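Hello,

Here is the structure I promised to pass on. Please open it beside this message and keep it in view as you read.

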Amino acid sequence: MNNTQFVNNPSDTDKPPKDSMNSKQLVEFIINTCEDMKADEIKVYDFTQKYYETDYMICCSGLSTTHANSISDKVEFLLKKQNQYPLSIEGRNEQLWILIDYGNVVLHIMETNRRDELDIDTLLEERVTQLRSKQDYSTVYEIPEKNEE
């Protein structure tokens, strides 16, 4: 097997806390937590060089809805201990596709069959080029520059 509803007070978002993680640290922390929780098919998509609302998107799978929910609970719990609070969490009740938005990093956790149905990786990979690999399971992608003629 491969292994990566709190809303901030608007005044809190004006400036990050002193111990705030940067995007790369947040990605690494989330990947490590997902690995520890035995998440499957962890992939990271890099948007840092583009004009998007987020720097990185992480996608991973849980073997069941319970597993997907456990992954999201663990990520949220451990990041709160690091003073990193999500801007929003979507899909927790349905548990087929849980989205945790940390602003500069967005985590998508899907039950494996749902991820296969939606084929989100193909959608993203059609728009990106592979940047580098991390071990056998985690690939980082970046969106290619548009050709301007």
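Predicted model: local features only at pLDDT ≥ 70, side-chain atom pairs only at ≥ 80, totals over all residues.

Residues are numbered from 1 along each chain as its sequence is written, and side-chain values use heavy atoms, with hydrogens and water left out.

The largest nonpolar core has 23 residues. Such a core is a set of buried Ala, Val, Leu, Ile, Met, Phe, Trp, Tyr and Cys residues joined through side-chain atoms within 4.5 Å; buried means under 20% relative accessible area, with a 1.4 Å probe and protein chains only. At least two residues each come from α1, β1, β2, α2, β4 and β5, and the largest share, five residues, is from α1. Helices (H or I, at least four residues) and strands (E, at least two) are DSSP runs, numbered from the N terminus.

L107 is among the residues with the most contacts inside this core. Its contacts (heavy atoms within 4.5 Å) include I30, C34, I58 and V75, leaving aside residues up to four places away in sequence.

Strand β1 (40–46) is largely enclosed by the rest of the structure, because six of its seven residues are buried. Five bridges join β1 to β2, and the two run antiparallel. V44 has I58 in β2 as its bridge partner.

Finally, T112 is in helix α3, residues 112–118. T112 counts as buried because its relative accessibility is 16%.

Regards

Key:
Buried < 20%, exposed > 50% of the residue type's maximum accessible area, 1.4 Å probe, protein only. Pairing = 2+ DSSP bridges.
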